[in-house]
Amino acid sequence: VQLQASGGGLVQAGESLRLSCAASGSIFRVSGMGWYRQAPGKERELVASIGPGGTIVAVSVKGRFTISRDSTRNTVYLQMNSLKPEDTAVYYCKADLRLAAWDSDRAYWGQGTLVTVSS
């Protein structure tokens, strides 16, 4: 199983970016997907997630970031608008999925994509 994230880059404050993450491999079912980020010297934190229970969005990005999902392609997106310098971080995607019907969900992580927001 691989999670391939893309879409990071360098932007100025106020601009937008769209991150994508596709899960591929011998997957039976993806339950939930989400985005986390880790800034230098800080712990990894949840940005947004989407799954059977609904959507969760961190307070720090609510109203600016939108998470969406294409279940047919096992892909999750993060639309980031009105970016701020404090959004600078490596963004990681995560998928909770199972490889067979009898299996249980396990967490898989993407390699991370760097988002840098200049002031």
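I began with Val47 and listed its contacts (heavy atoms within 4.5 Å): leaving aside neighbours within four places in sequence, I found Val47 touching Trp35, Tyr36, Arg37, Ile56, Val57, Ala58, Val61, Phe65, Leu78 and Tyr91. I note for the record that this is a predicted model, in which local features need pLDDT of at least 70 and side-chain atom pairs count only at pLDDT 80 or more, while totals for chains, interfaces and linings use all residues. Residues are numbered from 1 along each chain as its sequence is written, and side-chain values use heavy atoms, with hydrogens and water left out.

I then placed Val47 in strand S5, residues 45-51 (strands are DSSP runs of E, at least two residues, numbered from the N terminus). Val47 counts as buried because its relative accessibility is 1%, where buried means under 20% relative accessible area with a 1.4 Å probe and protein chains only. I also looked up the separation of Val47 from Asp70, which lies 23 residues away along the chain, and found their C-alpha atoms 18 Å apart.

Next I turned to the cysteines, and the structure holds one disulfide (a pair of cysteine sulfur atoms within 2.5 Å). The bond joins Cys21 and Cys93, with 2.0 Å between the sulfur atoms. It links distant parts of the chain, since Cys21 sits in strand S3 (residues 17-24) and Cys93 in strand S9 (residues 89-98), 72 residues apart. I read the torsion about the S-S bond of Cys21 and Cys93 as about 45 degrees, so the disulfide is right-handed. Cys21 is buried at a relative accessible area of 1%, and Cys93 is buried with a relative accessible area of 1%.

Technical notes:
Helices (H or I, at least four residues) and strands (E, at least two) are DSSP runs, numbered from the N terminus. Buried means under 20% relative accessible area, exposed over 50%, partly exposed in between (1.4 Å probe, protein chains only).
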